[in-house]
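Colleague: I am new to this protein and would like to learn how to read its features one at a time. Could you take me through them slowly, giving the general idea before the particular case?

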Amino acid sequence: MFDIADRLIHAVDAGRTLVVATAISIEGSAPRTVGTSMAFDGQSVIGSIAGGCVEGAVVETCEQVLADGVARTVEFGVSDESAFSVGLTCGGQLRIHVQPVTAQIVSALRERSSITSVICDGDEPELFVEHPPIQPRMIIFGAMEFSVALAPAAAALGYRVTVCDPRPLFATSTRFSTAEVVVSWPTDYLAVTPVDERTVICILSHDARFDAELITQALELPVAYVGAMGSRTTHDRRVASLRERGVTDAAMLRLHSPIGLDLGSSTPEETAISILAEVLAARAGGSALPLSVTTGTIHTVSRAVVA
């Protein structure tokens, strides 16, 4: 439910009575993941539970729950034929729980605390637990036009974005309204700010005063991604400087430089997509190849979190 939390809370605050359908189990190929939700108030929907598949059939169940207030669990796609009949043409199997949106659910969404739903469609009740997602960080060094494009694009993907630059004229909240703005020497800031295995570091600064030292420092941290912008010539010069600083071959392999995938991008907005595409591939272990030339399941199989 956390994927539609803001919109769901807004609807409840506006006085709408809703039910929410949540994917509690997915087997095989399906376009969304466990925990994806869709809310319905009898007239309109919020969100999408299967990327367009099965929504019509889910709405019918939602209408029943709206009418009598009794939660229900339904399954779609047990076989390829039944999957096709409700629009689940990818051949996966979905188990969906539909329940009224209660005050307890809304409170948990506001407080970003775990939500436990009781599933009573079998011999023994199950507990489906949804935990609030942990928001990953993206730290962008360099307050430039490419950063202006990257910051909101990363925020739209769920990143908590920080832009760091030592120049107060360029590092302003007006330019970066969707990000935390830090006016600080980059190496000083990176030395004290918390990072973890989900953190993404994008060095877009092109500043010879600190770039090599900053990259060296970033490669020593247990982060998900370190990328640095620059031309091929800049990259070669950067590698030489990193070698002089004692950066190992193993650490160098973690550096994405020049940053981004080769999408033919040139504008700041196109470059932001190129960078984020590489970040997503690196974090998820994707090949970054066109799906048309790969084989196997497109989406990772997910299962419910039950107790």
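Colleague: Let me begin with the cysteines: is Cys-164 buried or exposed, and how many disulfides does the structure hold?

Modeller: As a general idea, a disulfide is a covalent bond between the sulfur atoms of two cysteines. In this model, which is predicted, Cys-164 has a relative accessible area of 0% and is therefore buried, since buried means under 20%. Cys-202 likewise counts as buried, at 0% relative accessibility, and the structure holds zero disulfides.

Colleague: Which residues have the most contacts inside the largest nonpolar core?

Modeller: The general idea is that in soluble globular proteins, nonpolar side chains tend to be buried together. Here the largest nonpolar core has 24 residues, and those with the most contacts inside it are Met-138, Leu-150, Val-161, Cys-202 and Leu-204. At least two residues of this core come from each of strand S8 (137-141), helix H5 (145-156), strand S9 (160-165), strand S11 (200-203) and helix H10 (268-284). A second, separate core has 22 residues, including Leu-190, Ile-201, Val-223 and Ala-228.

Colleague: Which residues does Met-138 touch, not counting those up to four places away in sequence?

Modeller: Among them are Leu-150, Ala-154 and Tyr-159, together with Val-161, Val-200, Cys-202 and Leu-276. For the protein as a whole, residues 24 or more positions apart account for 59% of the contacts with a separation of 6 or more.

Colleague: How should I read a pocket, and which residues lie nearest the centre of the second largest pocket?

Modeller: Rolling a probe the size of a water molecule over the atoms shows where empty space is left. In this case about 330 Å³ of space lies in the second largest pocket, and of the 17 residues that line this pocket, Pro-258, Ile-259, Leu-261, Ser-265 and Ser-274 lie nearest its centre. The largest share of the lining, three residues, comes from H10.

Colleague: How many residues of helix H7 are buried, and is Glu-220 buried or exposed?

Modeller: Helix H7 (residues 211-219) is mostly covered, with eight of its nine residues buried, including Asp-211, Leu-214, Ile-215 and Gln-217. Glu-220, which lies in the loop between H7 and strand S12 (225-228), has a relative accessible area of 64%, and because exposed means over 50%, Glu-220 is exposed. The C-alpha atoms of Glu-220 and Ala-251 are separated by 7.6 Å, although these residues are 31 apart along the chain.

Colleague: Where is Thr-36 found, and is Thr-36 buried or exposed?

Modeller: Thr-36 is found in the loop between strand S1 (19-27) and strand S2 (37-40), and with a relative accessible area of 4%, Thr-36 is buried. Leaving aside neighbours within four places in sequence, Thr-36 is in contact with Asp-3, Ala-21, Thr-22, Ala-23, Ser-48 and Ile-49.

Colleague: Finally, what is the phi of Arg-112, and what is that of Ala-288?

Modeller: Arg-112, in the loop between helix H4 (103-111) and strand S6 (115-119), has a positive phi of about 55 degrees although it is not a glycine, and Arg-112 is partly exposed, at a relative accessible area of 44%. Ala-288 lies in the segment after H10; the phi of Ala-288 is near 65 degrees, a positive value in a residue other than glycine, and at 45% relative accessibility Ala-288 counts as partly exposed.

Key. Residues are numbered from 1 along each chain as its sequence is written. This is a predicted model: local features need pLDDT of at least 70, side-chain atom pairs count only at pLDDT 80 or more; totals for chains, interfaces and linings use all residues. Side-chain values use heavy atoms; hydrogens and water are left out. A disulfide is a pair of cysteine sulfur atoms within 2.5 Å. Buried means under 20% relative accessible area, exposed over 50%, partly exposed in between (1.4 Å probe, protein chains only). Contact means heavy atoms within 4.5 Å. A nonpolar core is a set of buried Ala, Val, Leu, Ile, Met, Phe, Trp, Tyr and Cys residues joined through side-chain atoms within 4.5 Å. Helices (H or I, at least four residues) and strands (E, at least two) are DSSP runs, numbered from the N terminus. On a 1 Å grid over the protein atoms alone, a cavity is a set of points where a 1.4 Å probe fits but cannot get out, and a pocket is an open set with protein on both sides within 12 Å along at least five of seven lines; lining residues have an atom within 4 Å of a point. Grid points are joined across faces, edges and corners, and a volume is the space filled by probe spheres set on the points.
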